[in-house]
Amino acid sequence: MAENTQTAPKVRKSNKLGKFLSSKKVVPYIFVLPFFLSFSILTLYPAINGIIMSFRQILPGIVENVGFDNYSRVFNLNFYDALWNTVIYVFWTTVLLTIIPMLLAIFLNSKTIKLKTVFRASLFVPALTSTIVGGMIFRLMFSESSSAIGNQLLSLVGLGPLEWRYSAITAMFLMVILAFWRWTGVNLLYYLAALQNISESLYEQADIDGASAWDKLRLITVPHLKPITVFVSTITIINGFRMFEESFVYWEATSPGNIGLTIVGYIYQQGVGQNDLGFGAAIGVVLMIIIFIISSIYLTLTGTFGKGEGK
């Protein structure tokens, strides 16, 4: 009897705990807890620590507070070169990785196209490949040798071989084409998923009204794809400003005349290459502010921020 009286309170406590954890008020927080933990450990803590580092001079065995000295050094010619290259890269990747995947998705979503699964899989495979591995292949394809594929294609139209990695225009082309090759399949899947949510009755009604294929594309398909278009373009803009591998695989630490230097590459160059972690952290904070401002402006212009105001 003594054992039963001792275990009874424990059973009641476990039942209360079980009811508490399974209540409607608590369960949602339990489900989102893993996200908050991972976000706090992997994102929030490094971001706060990076901001603190940006106000310090960090050398082996020496940590000294220097106030805003690191920020006063950020805006120099190298930073402006890196910012300009990054902005051009963001522009071209946003245009290409928004429009072309949309058109490919519409094409592959057509009922008359055969072997859809093969095309979708072949376009998605590059996303499974490492950027470094893919970049090494592109580096060989567009090398300075006259036997490289890129120069052989130019010879077919009567043009001489190019030094692809040593000209500003061709250098930007190499970075953009690598990103386009890798991420087209991912954005294609986003658009394909969005196309499944467009009701067939809309197209049937348009056929009854005598609408052409262009009219259906312009008045039905594209407007209904606006939310996913905003999403794809936003993540492309953010990833463009965060780009590093596409530049590093071609030039590693430095490029001639900074033609391949990006903001993240500049952070790596100064923070790791020059062992100036405080200065690198300051550049990272400036980059974070730039991404926040541009993303906020873009989402405001596309009407994303104002959708919930009328509710």
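Is Trp-164 buried or exposed, and what is its relative accessibility? In this predicted model, Trp-164 has a relative accessibility of 7% and therefore counts as buried, since buried means under 20%. Phe-142 counts as buried for a like reason, with a relative accessibility of 11%.

A search of the whole structure finds 19 of them. One is formed by Phe-142 and Trp-164: their ring centres are 4.9 Å apart and their planes stand at 70 degrees, so the pair is edge-to-face. This pair links distant parts of the chain, 22 residues apart. Phe-142 is in the loop between helix 6 (131–141) and helix 7 (149–156), while Trp-164 is in the loop between helix 7 and helix 8 (168–195). Both residues also belong to one aromatic cluster, together with Phe-138, Phe-173 and Trp-181.

Another aromatic pair, Phe-244 with Tyr-268, is tilted, at 5.3 Å centre to centre and 50 degrees between the planes. Phe-244 lies in the loop between helix 11 (226–241) and helix 12 (245–251), and Tyr-268 lies in helix 13 (residues 263–273), so the pair ties together parts that are 24 residues apart in sequence. Tyr-268 is partly exposed, because its relative accessible area is 32%.

An aromatic ring also meets a charge: the charged end of Arg-73 is placed over the ring of Phe-279, 4.2 Å from the ring centre.

Helix 2 covers residues 27–53. At 1.5 Å a residue, its 27 residues should span 39 Å, and the end C-alpha atoms are 38 Å apart, which agrees. Helix 2 also has a kink of about 45 degrees, centred on Ser-40.

Definitions and conventions. Residues numbered from 1 in each chain as written. Predicted model: local features only at pLDDT ≥ 70, side-chain atom pairs only at ≥ 80, totals over all residues. Heavy atoms only, no water. Helix = DSSP H or I, 4+ residues; strand = E, 2+ residues; numbered from the N terminus. Expected span 1.5 Å × (residues − 1). Bend = angle between axes of the 7 residues up to and from the residue. Phe/Tyr/Trp six-rings, centres within 6.5 Å; stacked < 30°, edge-to-face > 60°. Buried < 20%, exposed > 50% of the residue type's maximum accessible area, 1.4 Å probe, protein only. Lys NZ or Arg CZ within 6 Å of the ring centre and 35° of its normal.
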